[in-house]
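Opening the notebook on this one.

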Amino acid sequence: MIIPKKARMAVYSYLFKEGVMVAKKDFTMKKHGDVDVANLYVIKLMLSLKSRGYVKEQFSWMWYYWALTNEGIEYLRDYLHLPAQIVPSTLKKPARSSAPSGRFGGGDRGRFGGDRNNRGGGRRPFPGQGDKKSDAGANFTPSFRGNEGGYRRDGPSGPRFGGGRGARRPGFGS
């Protein structure tokens with residue numbers, strides 16, 4: 001498909017800037033949501049990049065999702081004549097803010113405002129922790145012997161009602 005160079009440059013520059021691209025599977029849409037070109041152009045350009053291994057595609061619920069690969073970054077950098085210092089926003093690390101430490105800007109308080117190390121006497125230890133009298137001990141050796149002593153569908157001695165398949169049940173006919 002012949003795509004105008006202006007549309008190709010718009011799609012490629014947006015893809016390089018963001019690192020990802022999304023498009024609805026609608027070939028008749030006049031405009032793509034993020035780029036000012038036809039949706040069909042975006043889908044076909046991304047299909048071309050996918051066939052060359054420059055993007056990874058994921059399709060779900062009638063939407064295409066594309067993500068640039070490392071080879072795609074190099075290709076677009078050459079195509080758009082960009083320096084090596086410019087990278088897609090998916091590769092940029094977010095700047096750390098100087099917000100106070102803690103989950104919600106609080107100091108050493110826990111989730112409910114108390115001290116995490118001093119929870120009070122209300123909690124019991126989990127089984128196997130704390131009370132060593134109830135532990136199994138050093139000479140505890142568990143063994144698993146199949147169905148011995150456990151519940152069996154057929155009962156303790158063979159199948160139900162003393163017979164196998166097709167056996168008559170007592171009280172049902174003669």
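Where is the place of Met62? I looked it up, keeping in mind that this is a predicted model: Met62 lies in the loop between E2 and E3.

Next I checked how open that spot is. Met62 comes out as partly exposed, because its relative accessible area is 44%, and the cut-offs for that class are 20% and 50%. Met62 also belongs to a nonpolar surface patch, together with Phe59, Trp63 and Tyr65. I noted about 380 Å² of accessible area for the four together.

Then I moved on to the sheet. I find 3 strands in an open sheet, ordered E1-E3-E2, with antiparallel pairing. E1 (20-24) and E2 (55-60) are the edge strands, each pairing on one side only. On average, neighbouring strands here are turned by 15° against each other, direction ignored.

What packs on the sheet? I see helix H1, residues 5-18, touching E1, E2 and E3. The direction of H1 makes about 125° with that of E1.

I took a closer look at E1 and E3. The two run antiparallel and are joined by 5 bridges, with E3 covering residues 63-68. Going through the partners, I have Met21 bridged to Trp66 in E3, and Lys24 standing opposite Trp63.

Last entry, the faces of E1. Met21 and Ala23 make up the covered face, while Val20, Val22 and Lys24 are on the uncovered one.

Methods: Residues numbered from 1 in each chain as written. Predicted model: local features only at pLDDT ≥ 70, side-chain atom pairs only at ≥ 80, totals over all residues. Heavy atoms only, no water. Pairing = 2+ DSSP bridges. Helix = DSSP H or I, 4+ residues; strand = E, 2+ residues; numbered from the N terminus. Axes fitted to C-alpha atoms, helices over the stretch in contact; angles between N-to-C directions. Contact = heavy atoms within 4.5 Å. Buried < 20%, exposed > 50% of the residue type's maximum accessible area, 1.4 Å probe, protein only. Patch = residues over 30% accessible without salt bridge, like charges linked within 9 Å, V, L, I, M, F, W, Y side chains within 5 Å. Areas by Shrake-Rupley, 256 points an atom, 1.4 Å probe, with all protein chains shown as cover. Salt bridge = Lys/Arg side-chain N within 4 Å of Asp/Glu carboxyl O.
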